[in-house]
Amino acid sequence: MPSIEVKRSPPGVPGAVGDPTRIVGEELTYPGAAGAEINGYLARPADASSHAGIVVIHEAGGLGDHIRDVCNRLANVGYVALGVDLFTREGGPPDPSDTQAMMQRLFSMSDELALGDLEGAADYLRGLDGVTGRIGCIGFCMGGRYTLLFACASDKLTAAVDCWGGFIDRATFDERSNEQRPTPPLELVEEHLACPLLAAVGAEDHNPSPELADELRERALGSPAAKKGQEIKVDIYDDAGHAFFADYRPTYRPEPAAKLWREIVPFLQRHLQGA
């Protein structure tokens with residue numbers, strides 16, 4: 001597909017893209033689970049070098065301008081970033097002004113299909129010219145939950161970054177599990193997490209709470225990844241609540257967001273650089 005004009009990042013955000021000519025962006029579709037074509041946004045460095053890939057999973061608001069900009073920021077520091085649209089099967093994102101409808105949409109999504117769509121994204125990245133065999137994943141809010149699930153239920157990831165993944169310990173407000181979300185990702189961590197993990201939770205958040213972050217850390221430190229000496233880092237950010245990196249929302253907190261970016265970039269460098 002033809003490339004599109006890459007937008008500058010909002011001024012002052014962590015990792016802001018100041019020179020869009022350094023990046024090539026395109027809208028595309030890629031093969032997901034059960035023969036579906038999944039929408040996505042691909043951002044990659046404009047140079048001819050080989051780079052690691054990274055799957056970027058959106059928050060509950062969908063693959064909007066902010067997530068595309070996060071893809072651009074990651075491309076700006078040397079990655080081929082594929083922002084996936086997990087709402088493709090649903091015909092687009094839910095109405096963000098209707099909280100009840102949005103939550104119903106999230107709870108009705110199939111973990112099995114979403115995982116297949118994410119594995120398809122990793123395979124698509126690996127099949128691109130100029131992409132190394134190392135593939136990471138970063139997700140925010142619902143995307144953080146799916147990042148943790150991806151890291152525990154698949155062997156396709158080299159590293160994972162979970163940013164305040166909500167509902168990692170239950171399917172809905174009232175259910176531990178249901179047909180669509182049969183196993184909370186948190187319950188998979190101790191036996192199945194097999195790649196380095198960086199997780200971030202705001203001290204003022206409630207889903208996930210700092211207490212849940214502590215439990216995630218404890219379980220991850222007993223995981224196969226930890227037993228192999230791979231990096232496990234679960235941080236709680238002071239003066240921050242849910243979605244503190246989302247610079248378009250009132251929840252944005254510039255200082256914790258900048259601190260998180262300073263953690264994300266070297267974490268990815270440690271685990272995704274190389275062949």
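Helices (H or I, at least four residues) and strands (E, at least two) are DSSP runs, numbered from the N terminus. This is a predicted model, in which local features need pLDDT of at least 70, side-chain atom pairs count only at pLDDT 80 or more, and totals for chains, interfaces and linings use all residues. Residues are numbered from 1 along each chain as its sequence is written, and side-chain values use heavy atoms, with hydrogens and water left out.

The structure holds 14 salt bridges, a salt bridge being a side-chain nitrogen of Lys or Arg within 4 Å of a carboxyl oxygen of Asp or Glu. One of them pairs Arg 249 with Glu 59, with 3.5 Å between the closest N and O atoms. This pair links distant parts of the chain, 190 residues apart: Arg 249 is in the loop between strand E8 (232-237) and H8, and Glu 59 is in the loop between strand E3 (51-57) and helix H1 (65-76). Glu 59 is buried at 4% relative accessibility, where buried means under 20% relative accessible area, exposed over 50%, and partly exposed in between (1.4 Å probe, protein chains only). Arg 249 is partly exposed at 29%.

Asp 247 forms a salt bridge with Arg 73, at 2.7 Å between the closest N and O atoms. Asp 247 lies in the loop between E8 and H8, and Arg 73 in helix H1, 174 residues apart. Both Asp 247 and Arg 73 are buried.

Helix H8 (residues 254-272) contains Glu 255, which is exposed, with a relative accessible area of 66%.

The cysteines form zero disulfides, a disulfide being a pair of cysteine sulfur atoms within 2.5 Å. The sulfur of Cys 141 is 11 Å from the closest cysteine sulfur, in Cys 163, and therefore too far for a bond.
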